[in-house]
Amino acid sequence: MAHLQFENIGIAGLSACVPANTVENLKYTQYFPQEAVQDIVEKTGIRQRRFAPPGMCASDLCFSAATKLLDEMQINREDIDLLIFISQTPDYRMPATSVNLQQRLGLPKTTAAFDINLGCSAFVYGLSVAYSFMQQPNIRKVLVLDGETRSKVYHPKDRQVAFLFGDAGVAALIEKDDKYGSSFFSLNSDGSRESLIKIDAGGYRNPSSIETVTEKVVDEHGNIRTDENGYMNGPDVFNFVIQEIPQDIKRLYEFSQKAPEEIDYFVFHQANRYMNAYLTKKLKLDITKTPTCLEFFGNTSSVSIPLTIVTQLKNSFESKKQLLLSGFGVGMSWASAIITLDNCNICDLIEI
Amino acid sequence: MEDTAKKFLEAFQEALEVEGKVIKFEDKFREYEEWNSLARLSLIAMLDEHFGVQIQTADFDKLQTVGELFQAVQTKV
């Protein structure tokens with residue numbers, strides 16, 4: 001079982017950046033009737049999203065977030081021994097975007113850099129990788145950059161996904177300090193459900209062609225997309241979440257010997273309000289302990305957990321707090337963690 | 001009517017927010033005015049909460065009537 005435990009490693013600072021370009025879902029009615037859009041907004045709780053304009057990438061959002069974080073915390077760039085970039089919307093298919101960011105951020109050539117390609121589970125996965133490296137005596141600080149421009153992935157004429165996704169990027173600085181104590185992770189995967197959320201073409205299994213970029217009607221409801229757009233089987237994703245996530249969290253409680261009452265905040269991947277509310281209810285959690293930013297940013301994939309912390313919990317860490325994080329989605333891939341935040345430096349949200 | 005059947009019909013009616021009519025097992029639920037992809041999510045939550053079952057889309061798409069859905073739930077409980 002992929003249960004991991006770490007000692008005296010934690011998130012020293014967190015910063016987030018979103019595109020200034022704001023989409024109001026209730027006005028996003030060029031392809032669907034106003035009434036249908038209203039019903040979707042009511043059920044999903046997503047009123048606004050941020051869309052990166054053409055030319056703006058996930059890496060640009062992360063670059064701005066990281067620059068502010070390093071400057072505000074007066075971090076010597078020479079002390080960053082590892083940079084991880086988490087995204088499924090990288091700049092190029094090669095080289096890895098993390099390597100480009102090493103140069104853009106002015107990090108030394110002695111910094112290790114690589115990308116992690118996972119979706120909604122990826123912030124928790126990425127943290128576990130960062131914490132693992134931090135166990136090495138020569139790794140002083142790790143920079144975890146996590147960015148997505150999902151607005152560029154989904155087709156605006158596909159009702160299943162057209163009103164859900166938004167763009168954002170974050171930077172997290174990982175350090176060693178006795179104050180953090182123990183942290184616990186549980187990592188999972190189920191490739192049998194790979195077709196629940198997927199982009200069929202544009203990789204090497206189904207390479208790009210004229211056909212893969214041609215719009216077509218894909219179901220009896222008249223939804224339209226290309227084979228290079230993402231799609232989602234919403235009902236089965238919901239089935240997956242209510243089946244797997246409570247079990248994973250229960251196993252994490254057992255592994256960590258923690259009780260739900262010891263957790264100050266439960267920060268879930270921000271999928272949609274209906275799903276998150278049901279998950280909260282099923283886990284019998286106090287809703288004041290489950291912060292959300294869905295209303296303002298929608299589903300930002302892997303970025304949604306740290307974006308929720310930055311925008312909703314900014315002034316909550318003057319004293320030590322225990323957080324349970326849980327991310328779940330495309331893969332299917334899911335991961336949960338119990339971590340400590342103590343005096344975490346949270347920057348004001350950046351808009352570019 | 002059996003308790004489980006009664007409980008199912010009540011939960012179904014509440015989940016779909018069907019008002020002003022009696023739900024019957026022979027009803028084709030996809031023909032209800034209230035039926036859409038959002039109602040589907042409510043149904044998934046209801047089935048999990050009250051019966052502890054999940055029905056995947058491939059199986060769900062074959063079900064036409066409220067009675068067929070009830071049967072599917074019964075075989076999984």
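This is a predicted model: local features need pLDDT of at least 70, side-chain atom pairs count only at pLDDT 80 or more; totals for chains, interfaces and linings use all residues.
**Helices α5 and α6 of chain A**

- Helix α5 of chain A, covering residues 234-256, packs with helix α6 of chain A, covering residues 273-282, at an angle of about 30 degrees, and their axes are 11 Å apart.
- Because angles under 35 degrees count as roughly parallel, α5(A) and α6(A) are described as roughly parallel to each other.
- On the α5(A) side the meeting residues are F238(A), V241(A), I242(A), I245(A) and P246(A), while α6(A) brings M275(A), Y278(A), L279(A) and K282(A).
- Sorted by class, this contact of α5(A) with α6(A) has 8 nonpolar residues, no polar ones and 1 charged residue.

**Helices α2 and α3 of chain A**

- Helix α2 of chain A (residues 58-72) and helix α3 of chain A (residues 97-104) have axes that come within 11 Å and cross at roughly 35 degrees, and here α2(A) passes α3(A) in a right-handed crossing.
- From α2(A), the residues S59(A), C62(A) and F63(A) meet T97(A), N100(A), L101(A) and R104(A) of α3(A), and the residues of this contact divide into 3 nonpolar, 3 polar and 1 charged.

- F165(A) lies in the loop of chain A between β7 (141-149) and β8 (167-176).
- Is F165(A) buried or exposed? F165(A) has 23 other C-beta atoms within 10 Å, and since 20 or more such atoms make a residue buried, F165(A) is classed as buried.
- Leaving aside residues up to four places away in sequence, F165(A) touches R49(A), R150(A), S151(A), Y154(A), G298(A) and N299(A).
- D286(A) stands 121 residues from F165(A) along the chain, and the C-alpha atoms of these two residues are separated by 26 Å.

**Chain B as a whole**

- The secondary structure of chain B comes to 4 helices and 0 strands, and its elements, read from the N terminus on, run α-α-α-α.
- Chain B has a radius of gyration of 11 Å, close to the 11 Å that the globule rule gives for 77 residues, so chain B is as compact as a globular protein of that length.
- The C-alpha trace of chain B spans about 30 × 30 × 20 Å along its principal axes, and buried residues make up 16% of the 77 residues in the chain.
- Of the contacts in chain B between residues at least 6 apart in sequence, 58% join residues at least 24 apart.

How values were computed: Residues are numbered from 1 along each chain as its sequence is written. Chains are lettered from A and ligands numbered from 1 in the order in which they are written. Helices (H or I, at least four residues) and strands (E, at least two) are DSSP runs, numbered from the N terminus. A residue is buried if 20 or more other C-beta atoms lie within 10 Å of its own, exposed if 12 or fewer, and partly exposed in between; C-beta atoms are placed from the backbone. Two residues are in contact if their C-beta atoms, placed from the backbone, lie within 7 Å. Axes are lines fitted to C-alpha atoms, for helices over the stretch in contact, and angles run from 0 to 180 degrees between N-to-C directions. Angles under 35 degrees count as roughly parallel, over 145 as roughly antiparallel, 65 to 115 as roughly perpendicular and the rest as oblique. Ala, Val, Leu, Ile, Met, Phe, Trp, Tyr, Cys and Pro count as nonpolar, Asp, Glu, Lys and Arg as charged, and the others, Gly among them, as polar. The radius of gyration is taken over C-alpha atoms; the globule rule is 2.2 Å times the number of residues to the power 0.38. A crossing is left-handed if the near helix is turned anticlockwise from the far one by less than a right angle, and right-handed if clockwise.
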